[in-house]
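Hi there,

Here is the structure I promised to pass on to you. Have a look at it first, and then read my notes on the salt bridges below.

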Amino acid sequence: MADTEEGTWLTPEAYERLTSELEYLKGPWRREIAKRIEEARAEGDLRENGGYQAAKDEQGVQEGRIRQIEALLENAKVGEATLEDGKIGRGTFLTVKLGSKELSFLIGNREIAAGQDIHVYSDDSPLGAAVMGHTVGDKVSYTAPTGRTINVEILDAKPYQG
């Protein structure tokens, strides 16, 4: 989901999972990668040391992940998914009809559904923005990035139970 003035919305489960991942990456993982880099460095010429380069590459990727998680958690708004008055909001799992096809997806942040094979749309994506605040049975439309108008019928909506 997008970062907004309101912050990034996360379920309590997603917040806990990200907090645990951050603790691991900043603690045990950093100690392990430092040890691997030091061991590879001891092997000699760093220009031809594949183990050293691989460890440094992994370190760069994971340090980026640490920064990403810290930013998410710093601005996180944690709450349970609900359908207040039946209206679609962050944390709603929907089934919609797009033309002749049905699509099921979560309105939120991909971190909420990490490890699950479901589509996730931000509440500020064209499709997400179009359905926000509507209810089952509503028909809405939005303009795709190509300029084409897409008609959407909301078939089902329920709070995400990840």
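Glutamate 38 counts as partly exposed, because its relative accessibility is 46% (buried is under 20% relative accessible area, exposed over 50%, partly exposed in between, with a 1.4 Å probe and protein chains only). Please keep in mind that this is a predicted model, where local features need pLDDT of at least 70, side-chain atom pairs count only at pLDDT 80 or more, and totals for chains, interfaces and linings use all residues. Residues are numbered from 1 along each chain as its sequence is written, and side-chain values use heavy atoms, with hydrogens and water left out.

Glutamate 38 has a salt bridge to arginine 41, with 3.7 Å between the closest N and O atoms (the rule is a side-chain nitrogen of Lys or Arg within 4 Å of a carboxyl oxygen of Asp or Glu). Both residues sit in helix H1, three residues apart, about one turn of the helix (helices are DSSP runs of H or I with at least four residues, strands are runs of E with at least two, numbered from the N terminus). Arginine 41 is partly exposed as well, at 39%.

How many salt bridges are there by this rule? The count is seven. One of them joins arginine 30 and glutamate 63 at 2.7 Å, N to O. This pair links distant parts of the chain, helix H1 (residues 12-41) and helix H2 (residues 50-74), 33 residues apart.

Arginine 90 and aspartate 123 form another, at 3.2 Å. Arginine 90 is buried at 14%, and aspartate 123 is buried at 13%.

Happy exploring!
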